[in-house]
Amino acid sequence: MRVDFGKKPWIYPQPVLIIATYDEDGNPDIMNAAWGGVGDDTQIFICMDPAHKTAKNILANRAFTVSVGTAEQLEACDYVGMVSGNEISEKVRMSGLHIHKSEKVNAPIIDELPLCLECEMISFDIEHCHLFGEIINASVDDSILTDGAVDPKKLNPLIFDICNQNYYTLGEVAGPAFKSGLSRF
């Protein structure tokens with residue numbers, strides 16, 4: 001039996017995305033944005049309230065990075081989602097995360113998060129909180145590569161469970177993509 005819950009944004013898995021920016025004075029800011037994903041082969045989409053310090057920074061500089069939150073950095077990733085950069089100017093330092101400036105865009109890369117998309121703003125619909133970014137570069141620490149590709153087990157990404165307010169990690173491989181359904185032809 002199915003149960004109706006009405007309008008709910010329940011998509012699984014929901015990645016934990018950590019957005020990093022600089023303000024107009026070069027001060028870094030980091031936030032946790034659980035609502036986002038790819039827009040196409042070269043674009044990323046994030047639902048972001050324009051009141052966030054990070055949103056103001058993106059509008060000012062038109063650049064940001066998106067890192068995948070990891071289980072190893074659970075506390076820091078959660079912290080940057082609980083504290084506002086509008087209220088705490090030392091948010092990055094207090095998170096325990098370290099940054100360096102991207103060579104591709106005017107935004108910070110978080111050293112502890114091994115998968116980072118360096119992006120330039122395409123558009124930001126403030127009324128609907130829709131941010132689209134052009135992916136300029138994918139910066140990957142070689143510690144999470146296996147045979148030259150990102151290894152999800154080594155990345156160990158966080159997944160946000162919106163229903164129960166928990167974080168999860170990935171499980172085992174269920175089957176090969178674009179091969180498992182061949183028996184149906």
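Tutor: Buried means under 20% relative accessible area, exposed over 50%, and partly exposed in between, using a 1.4 Å probe and protein chains only. This is a predicted model, in which local features need pLDDT of at least 70, side-chain atom pairs count only at pLDDT 80 or more, and totals for chains, interfaces and linings use all residues. Residues are numbered from 1 along each chain as its sequence is written, and side-chain values use heavy atoms, leaving out hydrogens and water.

Student: How does Tyr12 count on that scale?

Tutor: Tyr12 counts as partly exposed because its relative accessibility is 47%.

Student: How should I read a nonpolar core, and which residues touch the most other members of the largest one?

Tutor: In soluble globular proteins, nonpolar side chains tend to be buried together. A nonpolar core is a set of buried Ala, Val, Leu, Ile, Met, Phe, Trp, Tyr and Cys residues joined through side-chain atoms within 4.5 Å. Here the largest has 17 residues, and Ile18, Ile30 and Ile110 touch the most other members. A second, separate core of 16 residues includes Ala33, Ile46, Ile58 and Met121.

Student: How many disulfides are there?

Tutor: A disulfide is a covalent bond between the sulfur atoms of two cysteines. The test is a pair of cysteine sulfur atoms within 2.5 Å. The whole structure has 0 disulfides. For Cys77, the nearest cysteine sulfur belongs to Cys116, 12 Å away. Cys77 counts as buried because its relative accessibility is 0%.
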